[in-house]
Amino acid sequence: MRDASKEYDDVDEIKQYRDARWVTPPEALWRIYDFELSQISPPVMQLQLHLPNMHMVAFHERQMVERVVNRPGVDRSMLTAYFEANSLHEEARGILYRDFPEWYTWQSGKGKVWQRRKRDTGGQVGRIVSAHPAEGERYYLRVLLNHVTGATSYEDLRTVDGVTLPTFREAAERRGLLESDNTLDECLTERALFQMPSALRRLFATILVYCEPSDVAVLWQKHKDSMSEDYQHRSQNKTHVEQMVLIDIRNMLQSMGKDINTFPLPPIINAYDDAIGTAREVYEEESIQPTAGDVALKDSLNEEQRAAYDKIMSAVDTDQGGLFFVDGPGGTGKTYLYRVLLATLRNQGKIAVATARSGVAASIMPGGRTAHSRFKIPLTIDDGAVCSFTKQSGTAELLRKAALIIWDEASMTKRQVVEALDNSMRDIMGRPALPFGGKTIVFGGDFRQVLPVVRKGSRAQVVASSLRMSYLWESMSHIKLVSNMRAKNDPWFAEFLLRVGGGTEDTNSDGDIRLPDDVCVPYSGSDNDLDNLIDFAFPNLNENMSDSTYITSRAILSTRNDWVDMINVKMIDRFQGEHMVYHSFDSATDDPHNYYPPEFLNTLTPNGLPPHVLKLKIGCPIILLRNIDPANGLCNGTRLVVRGFQRNSIDAEIVLGQHVGKRIFLPRIPLCPSDEEMFPFQFKRKQFPVRLSFAMTVNKAQGQTIPNVGVYLPEPVFSHGQLYVALSRATARSNIKILVIPAVDGRKKSRKGVKKNPTVDCGTYTKNIVYKEVLTN
């Protein structure tokens, strides 16, 4: 309201604007709660972003343009001064533009220069002003500045591998910071040079399923000759050659759960197709031939294993079937028993289905698949759920024909998952009164090991999700294996493992157990402690880097992904040889206003996704993070070794499991977090689906025998069975070393500059979490 007596006074529009200024919700909250808006610590500095000769210049409205343009220093800006600092100061060349304020101060009134900080005051946080992708070159300039250090000019930023490119976009694409329009075409072209047509066909199938190609027909026409080189040597008939390639790709697509008819490829002619009328799942299982070595294993079963074998085989021969749970600590030969059962039945011409919760455990068994991929189990599952296959599907036909189903690591599997298969099998078998429709099912596991993961779950929720709490548990015949074959040369260590797993090891007043002195790396508080652990696990690394057996027979285990990532970065820097750095292409779907800029998305590494920056070297070990083609050994947890790399593809070799020695090509694929509620937006990362595996989490290592183990515990374990799993991967105490960062007065000590307390017992103690209510008697 304006006073009528002042109707003809001057109107203060600025005051009116400030009085009625709209504030954003974040600022409103800051003001409501009386947070200081003007004393942010550390201070944030906005960094200028502009194309050449397009920076902002301040001047008085009455000044002549000529005088403004000719003013000393008018051609300088924060960005051009950054280029100049890189050319003058060698120590500046390793610092990104956004990190510059941490080490240098901006002197706007002293010639517009960046000046080295004289005191360590914590510096400032730099933020390059925002740019929307629609701004074109300015946006691509920002992408380069966020990743490239040491640039001395705009031209230097556009120079890649000695070639100066005309635009910032092309420079960003050449550096692998942007996805080019023909990435998939280049990926296939790169791998065609290796003249491995079978692997190239698998790469083509992987691209169809996972990479969202925009024009499949063009890719097919351009690369079909390279994919058919081996068939061209066998036949001169072009139609026959093309059909053989299409049938091969069809089979690969089927093993990935896809139908070739959903893609715009030439049709398959029935006259060339030998697999008509047989379900793919049944055909794959029937084609598995047991090796003579596996068949002969029956003769070397110990007394416990022989009794279990006879009991299970007698149930297979009955019409009513049976449920068994093979319970035994790590190293008692559960996998050995599974191999004998599988070889015996397959040698008799029967179908035996082998599954496990993880890809690593599945890869150890001939014909093994993860339970989720074999039984089509939904990722999100509740009580009363069923599997997603139909009664008429190939999976249903396979399960009806199967004489035996083996499910390893059932103790790690949520009971709802097992119950979903039970519900489905009662239906497809037409025998709803019998568990699993009367099939013989062998579950295996060890409840001393890690239990099912329940996100943010309490102890009661974790226990309630385990198989022990299922209605099926009372229907199972329990078979115990006790003799530890893995640690038979070190019986004391085997007994110690059982005490740790059962929660019966003596504890101190804090509830911590004492670790044997001979398995502990002495703690000094310096960075050398971790180096000593690495040297134990990977002795003479560079002399053995070409030996895949050496690389895959050792690993460092920890409980959290960030510690695993830190060790892997440390290890790849130690590893000698040519390297390649791959950057992911990150995006938030349905974000037209660019609220989530790429540099923010690049900092996110959700569980199960590869990092934004993936650094690889020839011969380094990696682990697969997705079920790409489980039937052919490419499942979540498969361990590989890098044999080569190009800009758009990785050449790797499977080094463990039944498919050992197989060479595969991997493209970048779009990946999303498995937990959709992790972020308030849908996050998508396009990256190679692998991580380095010098170090891995304890959960990933479950199911593996690792001859040489290092365990890194900067903090105590936080869930049931983690310490037991970490210790039981080794075959003897001489093959394991543990680095525990101790705590003082309830506070964790940092790894730097902490001295030992001479008044405290010199032994190494750590927490051991065991949920005794879930252990079998």
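**Exercise 1.** Work out how helix α10 (residues 197-210) packs on helix α13 (residues 238-255).

*Solution.* 
- Start with geometry. α10 and α13 pack at an angle of about 55°, with their axes 9 Å apart. Axes are lines fitted to C-alpha atoms, for helices over the stretch in contact, and angles run from 0 to 180 degrees between N-to-C directions. Helices are DSSP runs of H or I, at least four residues, and strands are runs of E, at least two, numbered from the N terminus.
- Classify. α10 and α13 are therefore oblique to each other (under 35 degrees is roughly parallel, over 145 roughly antiparallel, 65 to 115 roughly perpendicular, the rest oblique).
- List the contact (heavy atoms within 4.5 Å). α10 gives Ser198, Arg201, Arg202, Phe204, Ala205, Leu208 and Val209. α13 gives Val245, Asp248, Ile249, Met252 and Leu253.
- Sort the residues of this contact: eight nonpolar, one polar and three charged. Ala, Val, Leu, Ile, Met, Phe, Trp, Tyr, Cys and Pro count as nonpolar, Asp, Glu, Lys and Arg as charged, the others, Gly among them, as polar.

The model is predicted: local features need pLDDT of at least 70, side-chain atom pairs pLDDT 80 or more, while totals for chains, interfaces and linings use all residues. Residues are numbered from 1 along each chain as its sequence is written, and side-chain values use heavy atoms, without hydrogens and water.
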